Amino acid sequence: MSRPPITRVGLQLAGYSFPGVMDDKLFQRVVDIAHTAEATGFDSLWTMDHVHQIASVGEPDEPILEAYTTLAALAAVTSSARLGVLVSCNGFRNPALLAKMVTTIDVISGGRAVLGVGAGWHEEECRAYGMDFQPPRERLARLDDAVQICRAMFTDHSARFTGRYHSVDDALNVPGPVHPDGPPILIGGGGERVLIPLVARHGDACNFFGGAATVRHKIEVLERACAEVGRSSGEISKTWLGTAIVTDSEAELQEALERLGSLLGVAPSAARGLALCGTPAEVRRQVAEYRAAGVDGVIVSVLDAGDLDHLHRVGTTLREAMDD
């Protein structure tokens with residue numbers, strides 16, 4: 001049975017460095033971005049779960065807000081967009097507490113929360129903050145436990161679960177989520193041996209990177225994993241994450257691609273293949289390629305999200321692309 005996608009057009013709030021905006025005015029700019037996004041076609045808003053800015057977005061000492069406190073604040077000042085973290089680093093928080101936090105955001109927002117969660121990858125910030133960073137196999141096993149705990153916390157009055165690394169015993173989550181099934185759970189990552197099978201067993205949604213051919217391959221792997229556990233892949237919402245640049249000026253596009261390529265560590269020509277970029281017509285064609293590959297929605301970051309006119313154009317273009 002197919003379910004409605006968790007998002008058709010999402011905006012990831014990745015960078016918080018806005019020229020001329022002082023720290024005490026920073027969140028107001030975020031609110032302006034969120035309101036513009038809701039008004040122009042974005043149906044979901046996402047924060048990143050990092051405490052140091054990552055290289056693909058900016059310099060390590062650039063401003064970055066903590067993911068869940070920012071999301072909770074946005075829950076109170078937005079009205080329609082789903083709200084999630086893309087994706088929570090499982091090692092940052094006890095999974096039962098994470099479920100409580102997401103449920104609280106769900107209550108504040110009137111049922112708009114999504115739990116995005118992954119195994120975590122950024123060792124440097126974990127070490128800097130004094131948090132453990134386990135080997136990949138252990139992080140993935142901990143993620144498996146965490147997803148099952150969160151599901152139990154969302155659906156059971158008194159959750160019990162004993163896993164390899166995490167357990168809960170009569171864990172109460174009151175008030176519960178707005179909807180009986182709880183917030184949908186998006187499991188991040190494209191690992192074909194462990195992560196995609198984990199999505200097939202426990203996920204409501206997944207998120208992939210890369211070009212359309214890469215995404216098509218990942219979805220085919222997911223379909224096979226779902227078949228192995230007797231589940232329809234139509235139950236799982238599939239999204240693509242990348243950057244969006246909409247401009248009619250080739251010079252402006254090249255400048256943006258050079259900047260994006262520098263952040264990603266690739267040539268501008270390679271960056272072009274990893275973004276939705278160009279004129280509105282070109283972007284609509286690129287979105288159609290991802291939809292043909294099997295995605296239900298796209299989630300994008302915008303290099304200068306504080307440029308509300310550009311954000312407006314990106315949102316409008318992507319909404320129209322998804323309506324084509």
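Ground rules. I worked on a predicted model, in which local features need pLDDT of at least 70 and side-chain atom pairs count only at pLDDT 80 or more, while totals for chains, interfaces and linings use all residues. Residues are numbered from 1 along each chain as its sequence is written, and side-chain values use heavy atoms, with hydrogens and water left out.

Helix 7. I looked up helix 7 (residues 212–228), helices being DSSP runs of H or I with at least four residues and strands runs of E with at least two, numbered from the N terminus. Its 17 residues reach 25 Å from first C-alpha to last, close to the 24 Å expected at 1.5 Å a residue, the expected span being 1.5 Å times one less than the number of residues. I noted Lys 218 among its buried residues, which also include Val 215, Ile 219 and Leu 222 (buried means under 20% relative accessible area, exposed over 50%, partly exposed in between, with a 1.4 Å probe and protein chains only). The buried residues pack against helix 6 (195–202), strand 9 (205–208), strand 10 (237–246) and helix 10 (280–293). Gly 230 follows helix 7 and has a positive phi, near 70°.

His 310. I found His 310 in helix 11, where His 310 is buried with a relative accessible area of 18%. Leaving aside neighbours within four places in sequence, I listed Ala 244, Ile 245, Val 246 and Val 302 as the contacts of His 310, contact meaning heavy atoms within 4.5 Å. Thr 247 and His 310 are 63 residues apart in sequence, yet 8.4 Å apart in space, C-alpha to C-alpha.
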